Amino acid sequence: MSMIALLLGGLSAAAVYLLLSREKFSVILGLALLSYAVNGFIFAMGRLKIHAIPIFSPTQIDYADPIPPALVLTAIVIGVAMTALVLALWIRAAVQLEETE
Amino acid sequence: MGLALSVGVTVAGILCLLPSDFSNDVARYYMANSLEGGGGHNMVNVIIVDFRGFDTFIEMTVFALTGLILLGFLASPPASGVAIRKPLRSILTQTWAGVMSFSLLLGAIFLLLRGHDAPGGGFIAGLVVVLAYAVQYLAVSLPHRVTLALDGLLALGFMLALITGLCAVVMGAGFLTSTHYRLHLAWLGDIELASAALFDLGVFFVVVAVGRIFLLRFAAWQRVNLTQLTAGREE
C-alpha cells in the first residue's frame, strides 16, 4: 500500500508540475497524468486486497469492492476522450494561428 | 514546484493513512445481487452494463461525440507541412503485423464473449481491436489505404445499445433493464444469455470506431510539424 501511495503521490506531483508549465503541450500531458493519478487514487480507495477479485467463484471467500473498478473504468474512457479532444484543439489552434499570420 | 510537491505528499499521505479494514453497504448490495439480478459472475462488468447501464450509455455518448468532434476538427490536414516519418517498408514487419493483428482480433472476440463472467468486456475488447489497427498502421501505414469506410460502425454500435435499451421499455420495464436466461445446448453445456451482453456489443463497436478515428486522424496530422509551428510563434 505504501508503495502504491508513493507512486500515486509522485504521479500527481508530476501532473501538477506539468499543469503549471508555460508550454501548452506540457499542460495537456499534465492533464492526462492527473487523470491517471486520480483514477489510481479512486481505485486504491476500494482498498487493495490480494486474492480477492470481484468475480464470483465457489472456492473464493473474500471479495474486493466492485464499485471503484467500475467507476474507474468509466473514468478512464472519459479521460482518454478528454485528452484526445484537448490535443485536437491544440493542433487545430496551432495550425489556425500559423495560417492567419 | 512547491505546490506540485505538496499535492503529491498530500495524495500519498491520504493513501498511507487509509484504514485498511473497510466494507460498505453499497458494495454488499452489488455482491449479493449481481449473480441473480444481472446473471454474470464478473461483478464489475455487471455493474457497468446492467446496474449502472444508464451511466455507461451516457459515457458512450460522450466518447462517440468526441470521435465526431475529432472528425470535424482534424478533417483535412494542410498540404504544406514537413513529413516527420516516412512509412516503414519491411517484409518482416508486414508479415508479423498480419499474424499479430489477426491474433489480436481473435483475442478481442474472446474478451468480448467472456466479459460477463470473467475479466473482459466491451471496452477492453474494443481497445484490443484498436491495438490491432495500430499494429497494422505501424507496418503498412494504414491511413493512406483505408479511408472512412468503417465509420458507420459508430452509428451501428450506438443504435445497438439504444435499441437494446428501448426493447426493455417496449416490454414494460425501465430503460436498459436487462434480462437473462440459461440456455441448454447439447454439446456446449449451459450458456448464460444476458441482454446486457448485446449492450456490451454496442459499447464494443463504439469503442472500436472512436479509437480508430483517434488513431487515423492523429496519424494523418502527424505530417504537420507542430513543434516547428509553435516554436516559430513563441519566439
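B:Phe63 touches residues of both chains: A:Val77 and A:Ala81, together with B:Val206, B:Val207, B:Val210 and B:Phe214, leaving aside residues up to four places away in sequence. Contact here means heavy atoms within 4.5 Å.

This is a predicted model, in which local features need pLDDT of at least 70 and side-chain atom pairs count only at pLDDT 80 or more, while totals for chains, interfaces and linings use all residues. Residues are numbered from 1 along each chain as its sequence is written, chains are lettered from A in the order in which they are written, and side-chain values use heavy atoms, without hydrogens and water.

## Nonpolar cores

B:Phe63 and B:Val206 have the most contacts inside the largest nonpolar core, which has 52 residues. Such a core is a set of buried (under 20% relative accessible area, 1.4 Å probe, protein chains only) Ala, Val, Leu, Ile, Met, Phe, Trp, Tyr and Cys residues joined through side-chain atoms within 4.5 Å. The largest share, 12 residues, comes from α8(B); helices are DSSP runs (H or I, at least four residues), numbered from the N terminus.

A second, separate core of 7 residues includes A:Leu8, A:Ala44, B:Ala12 and B:Leu15.

## The interface of chains A and B

In total, 51 residues of chain B are in contact with 45 residues of chain A. The two chains bury about 4,400 Å² between them, 80% of it on carbon and sulfur atoms; this is the accessible area (1.4 Å probe) lost on being put together, summed over both.

On the side of chain B that touches chain A, α1(B) supplies the largest share, 10 residues.

Definitions and conventions. Buried < 20%, exposed > 50% of the residue type's maximum accessible area, 1.4 Å probe, protein only. Helix = DSSP H or I, 4+ residues; strand = E, 2+ residues; numbered from the N terminus.
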